[in-house]
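I opened my notebook to record what I looked up in this structure. My notes follow in the order I made them.

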Amino acid sequence: MLVEARIMGLEDYFEFRKYGTDMRTEVIAGLTTFMTMSYIIFVNPLILSDAIGKDAIPSLVTATALSAGIATIIMGLYARKPFALAPGMGLNAYFTYGVVLGMGYSWEVALAAVFVEGLLFIVLSISGIRTAVINAIPPSQKYAIGAGIGLFLTLIGMKAAGIVVDSPATLITLGAENFGKPEFWVAMIGLVVAFLLMVRNIPGALLFSIVAATIFAIILGVSPAPESIIAPPTLDKTLFKLDLSGLLSVGAIGVVFAFFMVDFFDTLGTVAGLSAKAGFMREDGSIPDSEKILLTDAIGTSVGALLGTSTVTTYIESAAGIEEGGRTGMTALVVGLMFLVIGLFVSPIAQVIPAQATAPALMIVGFYMLTVVRDIDFDDLTEALPAFFVLVTIPYTYSIADGIGAGFISYVILKVVAGRYREVHPLMYVLALVFAAYFLYLGGVI
């Protein structure tokens, strides 16, 4: 009787009747979402360990699972939406390859940038200022940023797989010399498995591809077999390691801004898409409890930085659970608990996964992110050309921040030249000037 009463209490709290759902449906939806996004437990630590060190993988696994679990449970209990969160793909790549390895900042400073970005997001979420920012950035730029990050991830994945290599003559070329190496075929096995599962609409395609590729890697001797399957969670390498004092420079401010912009619009786009799919979006386009959703995302980012991981954001993979009928925070609660119950203890497995096994996941996530280009109006050159600059600048410069800056500056210039300056929000002029100063600073002009 006590168990039944507690279940009834959950059903009332999450308003099952209102959304036409039940406990069984919500649990299945939560398990489905977890399966589709659990690959992040293994991919995120491997990406961040390129900046922090391979010995930090156990801590990074814990930070990834803990931040995802905490943020998703908050989403379930506070916002009561079936959306799951975890360290975001693209943002983790920017953290490692853009900020740390590219710009030369320490990973501790990069964590501080993520933490501050989360605090800014919190202020905007509770103050209502976010509306002004949302209205200032044109949709074409938002779509282009997401698609550009997709190409960025794809390039990183192809490089890790050995499909492309650097070339003195052409900068980049086909990695034909890798075709005879077992590492290359580990990536190909993972890619084939992922494709087969995706076209069959089987949940967890990316996770299963990583598992299959890792087993193949162990068989070929590319990776050692894990000494154990589970281990106690640890945060000894990453907890409270951020360096706030390192942010006291113009360049570092640009890093914070880039993290903020990408997280802000990635979250808005994802939340809007998920809300439309779940039937939450109103006729005027508004989303119920949007401030709670965004505040949860912001809190997750700052908490994640304290734990030692890059920006936490809402995952589009939540659509898998929504497709299974998940409509309430109970779905998110199940996902969060799964991250805590399973994700915290799998660091021994993560330590033996080679980069080639996660490369297919990077490429496929890139594919999904690239699909938003269809929403760009290519008939209007004042919209399409700036979007194009974003799209190509991000992967070609290995920098999300540079891509955003190129897009904002070119957007303002083309609108003014075309005599359509009234279409530009005043805030865009300010942002374009900020990025222009940022580029001049990087070039040593100022």
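Buried means under 20% relative accessible area, exposed means over 50%, and partly exposed lies in between (1.4 Å probe, protein chains only). Helices (H or I, at least four residues) and strands (E, at least two) are DSSP runs, numbered from the N terminus.

I also noted the ground rules. This is a predicted model, where local features need pLDDT of at least 70, side-chain atom pairs count only at pLDDT 80 or more, and totals for chains, interfaces and linings use all residues. Residues are numbered from 1 along each chain as its sequence is written, and side-chain values use heavy atoms, with hydrogens and water left out.

**Entry: helix α17**

I started with α17, which covers residues 355-370. I found 12 of its 16 residues buried, so the rest of the structure largely encloses α17. The buried ones are Gln356, Ala357, Thr358, Ala359, Pro360, Ala361, Leu362, Met363, Ile364, Val365, Gly366 and Met369. I then asked which helices the buried residues of α17 pack against. They pack against α4 (40-52), α9 (139-161), α10 (182-199) and α11. Contact here means heavy atoms within 4.5 Å. From first C-alpha to last, α17 reaches 22 Å, close to the 22 Å expected at 1.5 Å a residue. The expected span is 1.5 Å times one less than the number of residues.

**Entry: the whole chain**

I stepped back to the whole. The protein chain has 20 helices and four strands. Its C-alpha atoms fill a box of roughly 70 × 55 × 45 Å along the principal axes. I compared the chain with a compact globule. For 446 residues the radius of gyration would be near 22 Å, and the chain has 22 Å, which agrees. That radius is taken over C-alpha atoms, and the globule rule is 2.2 Å times the number of residues to the power 0.38.

Buried residues make up 56% of the 446. Among contacts with a separation of 6 or more, 80% join residues 24 or more positions apart. The accessible surface comes to about 18,600 Å², and 68% of it belongs to carbon and sulfur atoms. Those areas come from the Shrake-Rupley method with a 1.4 Å probe; for residues, only the protein chains shown count as cover.

I moved to α5, residues 57-79. At 1.5 Å a residue, its 23 residues should span 33 Å, and its end C-alpha atoms are 31 Å apart, which agrees. I found 19 of the 23 residues buried, so α5 is largely enclosed by the rest of the structure. Just after α5, Arg80 takes a positive phi of about 55°.

Next I read α6, residues 91-100. Of its 10 residues, 10 are buried. They include Tyr94, Phe95 and Tyr97.

**Entry: positive phi values**

Most residues other than glycine have a negative phi. I looked up two further residues with a positive value. Glu15 has a phi near 60°. Glu15 sits in the loop between α1 (2-13) and α2 (16-19). Its relative accessibility is 32%, so Glu15 counts as partly exposed. Leu171 has a phi near 70°. Leu171 lies in strand β3, residues 171-174. With a relative accessible area of 72%, Leu171 is exposed.

**Entry: single residues**

Is Asp297 buried or exposed? Asp297 is buried, at 0% relative accessible area. Its place is in helix α13, residues 290-307. Leaving out residues up to four places away in sequence, Asp297 touches Leu85, Phe121, Asp263, Thr267, Val312, Thr313 and Thr314.

I then checked Ser347, in helix α16 (residues 347-350). At 6% relative accessibility, Ser347 counts as buried.

Asp236 came next, in the loop between α11 (205-220) and α12 (250-278). Asp236 and Leu307 are 71 residues apart in sequence, and their C-alpha atoms are 9.8 Å apart. Beyond four places in sequence, Asp236 touches Ser59 and Lys241.

Met23 counts as buried, at 18% relative accessibility. Met23 and Ile342 are 319 residues apart in sequence and 21 Å apart in space, C-alpha to C-alpha.
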